[in-house]
Amino acid sequence: MPRAAFFTKETITAAGLEIVRAGGEDSLTARALSKALHCSSSPIFTVYEGMDKIKEDVRNAARALFSEYVSDVMDYYPAFKELGIRIVRFAKQEPNIFRMLFLGLDSSYTAEISKVDLCLDGIEEEYGLTEAQSRLLFRQIWPLACGLAVINAQNPEVYPEAEISEILSTEFTSMMHFLKSGQQVINITPRLRSSADEQKL
């Protein structure tokens with residue numbers, strides 16, 4: 001009787017990550033794993049109790065992959081912009097892993113928090129902002145970077161990297177002017193036009 005194949009969690013997780021990379025999170029099934037590892041499902045579920053735990057470990061591996069991808073952003077100036085560019089570039093290069101981390105079941109995951117905090121500390125020192133101002137800056141620019149990343153994950157040809165850099169710089173510069181001016185945000189609520197509004201036009 002042939003000996004059953006033996007796999008480690010790391011081997012199974014690596015195979016699962018490659019399945020997600022190629023076909024997206026929904027393609028990660030027991031059948032797909034068995035095919036990738038050239039075995040039946042029995043050896044896999046000798047190591048794991050079920051697919052939920054496998055998917056959890058694959059998501060952790062994807063987080064580690066992204067963390068490694070942005071690990072050296074503090075070597076760049078400004079680091080905050082480099083982090084924004086990296087997430088857009090990651091979405092272009094790894095669209096399915098990006099979707100799993102930022103748009104799927106794990107969508108609460110953002111950038112590696114330690115990197116965000118380090119970037120914010122750098123902005124405070126380099127531009128003379130308070131912690132509250134740097135957090136506001138992040139709140140405005142990070143969704144823009146994520147939005148550009150989503151577009152690039154779907155269609156990488158829409159925004160070339162040079163244009164992405166220009167968009168991020170424009171938003172950053174605008175926010176810096178606003179923060180330095182000391183003005184407060186006016187929350188404008190849309191309303192139906194009245195006849196008086198039409199006369200002003």
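1. Asn152 touches Val88, Ala91, Lys92, Tyr159 and Ile164, leaving aside residues up to four places away in sequence; a contact means heavy atoms within 4.5 Å. Asn152 lies in helix 8 (residues 131-154). Asn152 is buried, with a relative accessible area of 0%. Buried means under 20% relative accessible area, exposed over 50%, and partly exposed in between (1.4 Å probe, protein chains only).

2. This is a predicted model, in which local features need pLDDT of at least 70 and side-chain atom pairs count only at pLDDT 80 or more, while totals for chains, interfaces and linings use all residues. Residues are numbered from 1 along each chain as its sequence is written, and side-chain values use heavy atoms, with hydrogens and water left out.

3. The chain has 10 helices and zero strands. Helices (H or I, at least four residues) and strands (E, at least two) are DSSP runs, numbered from the N terminus. Of the 201 residues in the chain, 37% are buried. Among contacts between residues at least 6 apart in sequence, 63% join residues at least 24 apart.

4. The count of salt bridges is eight, a salt bridge being a side-chain nitrogen of Lys or Arg within 4 Å of a carboxyl oxygen of Asp or Glu. One of them pairs Glu94 with Arg21, with the closest N and O atoms 2.9 Å apart. This pair links distant parts of the chain, 73 residues apart: Glu94 is in the loop between helix 5 (79-93) and helix 6 (95-103), and Arg21 is in helix 1 (residues 9-23). Glu94 counts as buried at 17% relative accessibility, whereas Arg21 is partly exposed at 28%.

5. Arg89 forms a salt bridge with Glu161, the closest N and O atoms being 2.5 Å apart. Here helix 5, which holds Arg89, is linked to helix 9 (residues 161-181), which holds Glu161, and the two residues are 72 residues apart. Arg89 is partly exposed, with a relative accessible area of 24%, and Glu161 is partly exposed at 34%. Through shared partners, salt bridges also join Glu18, Arg21 and Glu94 into one network.

6. Asp121, Glu125, Glu126 and Glu131 form a negative surface patch. Patches are made of residues with over 30% relative accessible area and no salt bridge, like charges being joined within 9 Å and nonpolar side chains (Val, Leu, Ile, Met, Phe, Trp, Tyr) within 5 Å. Helix 7 (residues 113-127) gives the most to the negative patch, with three residues. Glu126 is in helix 7 and is partly exposed, with a relative accessible area of 42%.

Notes: Accessible areas come from the Shrake-Rupley method with a 1.4 Å probe; for residues, only the protein chains shown count as cover. Lys and Arg count as positive and Asp and Glu as negative; His and the chain ends are not counted. The place of a charge is taken as NZ of Lys, CZ of Arg, CG of Asp or CD of Glu.
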